[in-house]
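Student: I'm new to this one. Could we go through it together, one question at a time?
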Amino acid sequence: MKQVVSGKILQDKMKESINYLCETVGYTLGPKGSNVIIDHSLFTPFITNDGATIAKNIESEDEIVNTILEIAKEASLKTNDIVGDGTTTTLVLLQSLFNSSINYIENGMNPIFLKKKIILYLKEILSKLEKEKRKPNQENMLQIAMNAANDLELGKCAYQAFSKVQNKNAIAIHEVSEDNLRVNFLQGYLLDTELLSDYYLKDQNSLTLSRAKVLIIHDYFSDLENISFILNDCINNKQNLIIFVNDYDESVLKEVLSLYLSNDLSCFLLKISEYGLHQRKLEKDIEMITKASIIENYNFITPENLGFIENVTINKNQTRFDFHNNLQTQKYIDLIKEEMNGYQDEFEIAFYQRRIAMFQNGLAEILVGAPTKTECHEKKMRLEDAICALDSCQEGILLGGGVTLLKIAEEITTDDEVKMIFKETLKKPFFQILSNAGIDSTKIYQEIRNNKFQKIYNVNTEQFESITDLSIIDPFLVTKSSLCNAISIATMLFTTRSLVINEHCNQLNKSNEYTEL
């Protein structure tokens, strides 16, 4: 049975949903914000202050509230997708803007007209925000990492990794059992592969080969006879042979292992752990590094198809090539960048950026541990926030702690309703941060205004500091994304008058505002 909810009932449910979501997440904002425990039916409960993670896990037994929640969450999740930080600020802004707008709508203002005015005035706000940004130095970058992680050591670790590889998609964070925190840098090209037999490793974790020949077979590998000429050549010259296959027949694997175990040929069969276009791109990368020629058709296999690699390390799940950059490598990087520009999808962009990083600055892995799994998981999420914040700094930085938005709010006149809405909304993150820290905001706010925003308040030290010696910094892109995504969802919700759902909600009384279809 389809049911329609509209009018005052829907409006009240929207308020309930927005406040339920945004207040829960809002308590985590700032360096002295609280944590939230999240239960999970399949995993151990964990503790976090990450806005997007908390938002994802908030649900309601009320189907109407739940439906609205899913839409409201999109603001936070979109910010997380774009910049990986600022998710809590997004929901704080969303709540304020939605509630302020609804007040005017309840007093007779047309919601479509209000939305148009808000979108129009947003352009002016973003222009002011653009003027406030400045280019970060290395000290600023380190400070941003520490602020985002809300921890000195975690921030330093994230900064160390990012400053080396210059790409968030080139950094992997792994939880380890020991209470430890360290960064490892990996040079060379690393790709996920499947070593098709455990016999290769025996009691070793990995094996390193020198001066190996490389064969890339994109076709289905079904008959060893098709490459017998190449196998005989490697046997006669006592060379290692690595074969990358798209797919293979079990009989081929048995024959290769037979040659390997009889010491006739050190031949290693590997399968790339990707599919479709991604697999094709990785094969092209191997082709570039080793100068092999990808085999598409068995009828044209010659020794010229073989590539060569000076050093390669193989384990059960990965293969790493050592190689040297040259002019040809740089041209290949430019080609990857050109292809990447044709994509908007974040997943695809991350795939291309990781490949670029391996050809340029290499990869980094951060190993993080703690006495308990709960603490370890929480540290990992804070490291992820720090790395995303550093990546967002590419477009500039702003005064942090909600002060930049507060400064813009102070410049807004109150001669119409939309300006009043923005004035109230832009102040909200600043006051929420102080409230979460248990600090009386009235005196702090007045002191900042009296000093014409040349001093701001550091919640950590509970001291004022000059903007010339600033440690409270936000990435420009994080603030911009938070504001834009909050307004996008808030305006979509307050211009909605009806909701159609599938399940009956016992909380509702049937009225002229609740009908069955």
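Student: Is Cys393 buried or exposed?

Tutor: Keep in mind that we're looking at a predicted model. Cys393 has a relative accessibility of 1%, and the cut-off for burial is under 20%. So Cys393 counts as buried.

Student: How many disulfides are there?

Tutor: A disulfide needs two cysteine sulfurs within 2.5 Å. For Cys393, the closest cysteine sulfur belongs to Cys388 and sits 11 Å away, so that's too far for a bond. Cys267 is buried too, at 2% relative accessibility, but its closest cysteine sulfur, in Cys234, is 7.7 Å off, again too far. The count by this rule is zero.

Student: Which side chain of opposite charge is nearest to Asp385?

Tutor: Asp385 is in helix 13, which covers residues 373–392. Beyond its neighbours within four places in sequence, Asp385 touches Asp50, Gly84, Asp85 and Ala148. Asp385 is buried and has no salt bridge; at 7.6 Å, the nearest side chain of opposite charge is Arg382.

Student: Which residue does Lys117 meet in a salt bridge?

Tutor: Side chains of opposite charge can pair when their charged atoms come close. Here the N to O distance is 3.5 Å, and the partner is Asp416. The pair links distant parts of the chain, 299 residues apart: Lys117 is in helix 5, and its partner is in the loop between helix 14 and helix 15, namely Asp416.

Student: And where does the salt bridge between Lys427 and Glu410 sit?

Tutor: The closest N and O atoms of Lys427 and Glu410 are 3.6 Å apart. Lys427 is buried, with a relative accessible area of 18%, whereas Glu410 is partly exposed at 21%.

Student: What is the angle between helix 4 and helix 17?

Tutor: Packed helices are described by the angle and the distance between their axes. Among the residues that meet are Leu93, Leu97 and Phe98 in helix 4, and Leu483, Ile487 and Phe494 in helix 17. The crossing of helix 4 and helix 17 is right-handed. Their axes are 8 Å apart, and the angle is about 35°.

Terms used
Residues numbered from 1 in each chain as written. Predicted model: local features only at pLDDT ≥ 70, side-chain atom pairs only at ≥ 80, totals over all residues. Heavy atoms only, no water. Buried < 20%, exposed > 50% of the residue type's maximum accessible area, 1.4 Å probe, protein only. Helix = DSSP H or I, 4+ residues; strand = E, 2+ residues; numbered from the N terminus. Lys, Arg positive; Asp, Glu negative; His and termini not counted. Salt bridge = Lys/Arg side-chain N within 4 Å of Asp/Glu carboxyl O. Contact = heavy atoms within 4.5 Å. Axes fitted to C-alpha atoms, helices over the stretch in contact; angles between N-to-C directions. Left-handed = near helix turned anticlockwise from the far one by under 90°.
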